[in-house]
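Hi there,

Here is the structure I promised to pass on to you.

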Amino acid sequence: DGTRIAVGRENGDIEIWREWHCELVIPGYGDKGSVYRVLWLPRVSNEEEKGSSAGFPRLFTAGLNGRLVEYDLHSLKPKEGLSSYGGGI
């Protein structure tokens, strides 16, 4: 909705900010590397969609570790991860 910003940190943490307040921090996932790219995508409303993340926007990160990761903003954990099979993204 444009009211938040996601910030990737060198230690792999992702911070979600609203105005001048850090609302939450998603902990980095071990030694997998830092976050260099962050992408928000709006969640498309779907009657069949169920689960704790229904209605939340989607958050993806990428980095020099070659992984593209989607995060569950309800559980604050990685939801899906894909390898680029070719280096950093």
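Below is what turned up, starting with the overall build and then going through some residues.

Before you start, keep in mind that this is a predicted model, where local features need pLDDT of at least 70, side-chain atom pairs count only at pLDDT 80 or more, and totals for chains, interfaces and linings use all residues. Residues are numbered from 1 along each chain as its sequence is written, and side-chain values use heavy atoms, with hydrogens and water left out.

**The overall build**

The protein has 0 helices and 7 strands; here helices (H or I, at least four residues) and strands (E, at least two) are DSSP runs, numbered from the N terminus. Reading along the sequence gives β-β-β-β-β-β-β. Of the 89 residues, 24% are buried, and buried means under 20% relative accessible area, exposed over 50%, and partly exposed in between (1.4 Å probe, protein chains only). The accessible surface is about 6,200 Å², with 53% of it belonging to carbon and sulfur atoms; these areas come from the Shrake-Rupley method with a 1.4 Å probe, and for residues only the protein chains shown count as cover. Take the contacts (heavy atoms within 4.5 Å) with a separation of 6 or more: residues 24 or more positions apart account for 30% of them.

**Strands 2 and 3**

Strand 2 and strand 3 run antiparallel and are joined by 5 bridges; two strands pair if DSSP finds at least two bridges between them. In this pairing, Glu 15 stands opposite Val 25 in strand 3. The hairpin has 2 residues between the strands, and Glu 19 takes a positive phi near 55° there, although Glu 19 is not a glycine. You'll find Glu 19 in the loop between strand 2 (14-18) and strand 3 (21-26). Glu 19 counts as exposed because its relative accessibility is 70%.

Where does Leu 76, with its positive phi, sit? Leu 76 is in the loop between strand 6 (67-72) and strand 7 (77-83). Its phi is about 60°, and again this is not a glycine. With 27% relative accessibility, Leu 76 counts as partly exposed.

**Salt bridges**

Side chains of opposite charge can pair when their charged atoms come close. For a salt bridge, a side-chain nitrogen of Lys or Arg has to be within 4 Å of a carboxyl oxygen of Asp or Glu. How many salt bridges does the structure hold? There are 5.

- Arg 9 pairs with Glu 15, and their closest N and O atoms are 2.9 Å apart. Glu 15 is buried, at 15% relative accessibility, while Arg 9 is partly exposed at 36%.
- Glu 70 pairs with Arg 58, again with the closest N and O atoms 2.9 Å apart. This pair links distant parts of the chain, with Glu 70 in strand 6 and Arg 58 in strand 5 (residues 58-62), 12 residues apart. Glu 70 counts as buried because its relative accessibility is 5%, whereas Arg 58 is partly exposed at 29%.
- Glu 70 also meets Lys 79 in a salt bridge (4.0 Å, N to O). Lys 79 is partly exposed, at 37% relative accessibility.
- Arg 4, Arg 18 and Glu 23 are linked in a network of salt bridges.

Cheers
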